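Dear colleague,

I am passing on a structure for you to look at alongside the notes below. Please read them with the coordinates open.

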Amino acid sequence: MCAGCGAELTTALSQVSLPVHARQTYGNGVQLPVLMEAGTFAVDPDPWGGPWRMWDEIDPGEAEARGIYAPVYALSDSTPGASVIAPGDIRGTRLIPEKSGGACCGLDGADGPNMACEACDLPVGTRVDDCSLWQAVRLSPDAVHRVPVDGIHAAPLSWAELAEKGEKTPPFEPIATWGGRLGSNHYWSWSPRWEAAAGHALAHLLVASQGQPVKVPGGLTADVFQRALDALLPAGPPKRCAVLAGPGQPSPDAGVDILLVPVHPRTGRTWTPAGPTASAYLVPLPLGVWLWLVSPQPYVPIPASGRIPQDVLRDDPLPLLPNYAFRADRGTFQHALVRLPAVRSPWLRTILENLTKGTSADLF
């Protein structure tokens, strides 16, 4: 509700975890879909948008108090705790034309809150729908307040239920673009969700490596992580091992150092093991990505038709694949790494500095 007049500004919403790709900027002129599922909201614990302060204007102690342990280009000084919702769930607001900013294909929120309460004209939130940005509305924590609604909130699913009923996130998807002479177009690509998830997880994998070579499982998991790990860590035989672990999976061996585990999509909590691997480093992955890695959906041939015998299966069309090696999302990787205290280690700081200089461009 509006903090100024009490008008209702949204439909009834259930709280979920903020998606790991919430701050992702993807490609150039790309039409990204809506960030949040309809009927849900998430709280962003970090400030977002202006005003900004450059890194050399910030005391290191203040940065660490805000959970930033390595230099960044600039830090937002806005109020943290915005409620992030799908644009279709907003009610009783109007756009502020003079706050449209200088964006390319839509609104990017660079001019501050661009939505006002229809009843009292208080600026209450920011609509974001520009190209290469996930579409969302960010409701300002100092301009709105949440009011409990009875009878609509179901209990979070258990880990066993999520393992059985959770929705997988495919690693490939068609990407829509704007700006072509013939209008919108599409191309087949690695999923932006996967690239953001990998960027976040890669930061944790580097911390878990302790600067030693790491081996991840083969197949798609290796396609996503191994190339970057081999390039960023010292060469040599693997000294640390990472495996997929979680609900419904066999218990990892006692000697495993690193576990790739799912994050609960509603509570945001990371799955934790029991037994001999309880001390392993837990690398978080979004549930949909984790589910695909532990149980990839096979390519199923299409049954033949016409004069081909009934028991013969076609081997076409072949499954669509991107024409380039997987790359983790640079912005998500950096956002995660600077918020891990271990980044103060010299070897990790060197990786971060090389990233900002562009020397790791082929990995991201």
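Helices (H or I, at least four residues) and strands (E, at least two) are DSSP runs numbered from the N terminus, and two strands pair if DSSP finds at least two bridges between them. This is a predicted model, in which local features need pLDDT of at least 70 and side-chain atom pairs count only at pLDDT 80 or more, while totals for chains, interfaces and linings use all residues. Residues are numbered from 1 along each chain as its sequence is written, and side-chain values use heavy atoms, with hydrogens and water left out.

Strand β8 (residues 115-117) runs antiparallel to strand β9 (residues 123-128) and is joined to β9 by two bridges, with Ala 116 opposite Pro 123. The hairpin of β8 and β9 has five residues between the strands, and there Asp 121 takes a positive phi near 70°. On to strand β10 (residues 136-139), β9 is joined by four bridges, again in an antiparallel arrangement, and Val 128 stands opposite Ala 136.

Leaving aside neighbours within four places in sequence, Phe 333 is in contact (heavy atoms within 4.5 Å) with residues including His 200, Leu 206, Ile 351 and Phe 364.

Best regards
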